[in-house]
Amino acid sequence: MIPRRLFRPVLFLAVLAVISCLFTPAGTAAPPAGRPDPFPSEVGPERPDTGRRTIAPDPITNLGAPISSLTVMEGTVGRTPDGRDVVYAVPAGENANLNVVDVHSRQLLHTVPLPGAAGAWGIVIASDGRLYVGTYPNARLYRFDPVTAVVTDLGRPITGESFIYGLTADGNGNVYGGTYPNAHAFKYDAATAQVTDYGSLDPVQQYARSTVYDPDHNALFVGIATPVAKLLRIDLATGAIQNVTPASLVGGEIVDLDYASGRVFANVSGKLTVVDAVTFEQVKFTDAATGGLVLTYPLAARGVSGGGPGGVYFTTATTLNLMRYDLDTNTVGTVTNPPLRMTRGAAIGYGWVTENGQQILYGLTGNYSGGTFRYDPVARTLAQWSSPFQYVPVALQHAIADPATGRVYVNAYLNGSTSYYDPATGKATVTARQGQVEGWSWGTGSKMWVGIYPYGRLQQWDTALPESPTNPKVLFSLVDSDHQNRPFAVVPSGNSVYVGTTPGYGEYGGAITVYDVPSNTHKVYRHLVPDQSIASLLPVGTDVWAGSAIEGGQGTEPRATEAHLIKVDPATGAVTADVVPVPGAASINELTIGPDGNIWGLADGNVFVANKTTGAILRTYTVFSGRLTGHDGALSWRDGYLYGVSGGRLFVLDGLSGTSTILRDHGLNRLTEGPDGTYYSLLRLDGWTIPTNLASYKPPVDPCPKSDVRTNVWTGNINSHVLNRFLEYGCTLTDVLPDAEAEWPSHGAYVVAVDRKLRTLERAGQVEYWEGILIRFAAAISNVGR
């Protein structure tokens, strides 16, 4: 019952409301002039980029490097002019350093910066004793002179390349190598400092992954990688290029090449393969364990050593036993019985050292511990230790906050190390090695679901238990069975874990894998979006929405032109809806459910809103322009605001108006929220090329927690049809109106309170007069206080 003293004013307002409705389509409210309608009821055009600005000072806090570790791709052994026998390696890190260690005193002699390099896949000693290093991601060639201990930057041999692979040297001090991503081979002439480019060696495959010089025929062999291993030969006198791949050679990549006694030794997808350097036929050799002739042998090493007493040496797969290939008898076997085993990992570099007139094999083992060995082929003894290479802040790959403890777990790129940062102490603690994490999510309690590259692996990790052979526990691997290797999206829901992957090297066609937790079984649905990867997943009811990325496996060029949003039945793999949310976008990096119950997604630099049943696109807001890869993006809702990190930027988008603000415009990757509301991201320091640090961002204090973010302003049970919006940070129009849920002494008291507040808002210009009329009318006919 409306109080008598309010009857006439309310009646007047009702009449005005009816008149207003005569000029407004049913069910909508006329927006005020100059303010876009952020939630239209029908599909509309892309929204303009409004209100974007960069805010200073820097809003993030640098928390330092949480992981310092050692990652060595390849090393070699040599002798300095003063007679020291040394091992050379380049631990991966920002502005990586060349490390020089004396193998006898086991002392670190030099750490020499390689400006701009993050690591090295190529390292070789030339015939004049100088060391050459080929690096990534700057694809530069550096030369170290052991006389002066000075490094010279020789520049980028091939313009446009980002990796140098597989350096080798001839007898005249010249150096050769391969490149990525255009599979060039090149020669660096030490006398003239001139580069000879042998051109891009394959029209499709992108990796010239390995090279070796044949001193007997003045030729260069080059191994091409993914999806089909090829062996090429370049006649260095004429420049003629031959494809000499034996018909019997089977594999996806030739990772390493070495030469000894007229034979080319190749690491073909983890198998030792030997090719005759003249006939180019694959050589059959004897497996000493069985006595049978074989064409391949399991190999886990950066190729084989140079020829020495007894032949060439390497480590075998699985067991890491030290093996010998006898060049005289073409026989492979262990060096002793029982075998000698490398305890620190596979061999990643070799060199023969003369001691007391006898040749001794030294080398490096394992990528992560500085493992070093000495093998005496006469005494058949093996000594092993860790060389004191310099540990450095490692490139970070992923981050996730524990919603219970607040710890922030971070994982290292390539190295695979994991540590957690404790906000309470500000300290980082090393924990279980995971492998390279592409996607992870929390399960129940302290358990985590983790997706690992390059195996396409899903594993479960209980963070409360110590590391063991079953913790983390491997659940399945897709790299061999289904040619999937990067699990970008790992999303648990109910009794299932959904995994979205990219295909393997040189492959097209990602997949969604459905892992059933109770039965420990999984189904793989591939090629749901032709030629595209699956970059993001969102379970909704009994279906799963997936966002694609146009990229295929590494080493491929995209065939598709724009990313798709698809709806999938996880029981059958059937695609029941397929839309393109943002025409021309290369990837849909993240999907989430918004406060309005719709799907909100990130496609390149655009935030889109889609109907969760049909996928129909309702709105699109452009935050920034630019194409991104499938792993580059994260979204997080916070009381009506959508925070995101993508393209290096930290941004926030008002979920009601669609207005976006770029809080930081560079240097960030990933986004995770701690239980206290603090956001964490990976930080690339200014002037650096890789993210090595953890950073935090504390959003402003929300003066209106648990905001009412419904599209329209409601007064109790009545929709006023006035668009709700944030009047200031954290507080919507509905928030600042008198609380309809409070205990009111009477309905009239509530209506009067609403009227008074609206007068204040109208005077401040925060509410239009016609909006106030509709809200007052809604309050008057509501059930509040009745």
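Are Tyr176 and Tyr213 buried or exposed? In this predicted model, Tyr176 is buried, and Tyr213 is buried as well.

**Aromatic pairs**

The structure holds 28 aromatic pairs, and one of them joins Tyr176 to Tyr213 in a stacked arrangement, with 5.9 Å centre to centre and 5° between the planes.

Phe285 and Tyr325 make up an aromatic pair with an edge-to-face geometry, its centres 5.4 Å apart and its planes at 65° to each other. Because Phe285 lies in strand 22 (residues 285-287) while Tyr325 lies in strand 26 (residues 322-326), the pair ties together parts that are 40 residues apart in sequence. Phe285 and Tyr325 are both buried.

The two pairs are set out below.

| Pair | Geometry | Centre to centre | Between the planes |
|---|---|---|---|
| Tyr176 and Tyr213 | stacked | 5.9 Å | 5° |
| Phe285 and Tyr325 | edge-to-face | 5.4 Å | 65° |

**A ring cluster and charges over rings**

Ring pairs also connect a cluster made up of Trp121, Tyr136, Phe163, Tyr165, Tyr180, Tyr207 and Tyr505. Trp121, a member of this cluster, has the charged end of Arg209 sitting over its ring, at 4.6 Å from the ring centre. Elsewhere, Arg486 lies over the face of Tyr453, where the distance to the ring centre is 3.8 Å.

Methods
Residues are numbered from 1 along each chain as its sequence is written. This is a predicted model: local features need pLDDT of at least 70, side-chain atom pairs count only at pLDDT 80 or more; totals for chains, interfaces and linings use all residues. Side-chain values use heavy atoms; hydrogens and water are left out. Rings of Phe, Tyr and Trp (its six-membered ring) pair if their centres lie within 6.5 Å; planes under 30 degrees apart count as stacked, over 60 as edge-to-face and the rest as tilted. Buried means under 20% relative accessible area, exposed over 50%, partly exposed in between (1.4 Å probe, protein chains only). Helices (H or I, at least four residues) and strands (E, at least two) are DSSP runs, numbered from the N terminus. A charge sits over a ring if NZ of Lys or CZ of Arg is within 6 Å of the ring centre and within 35 degrees of the ring normal.
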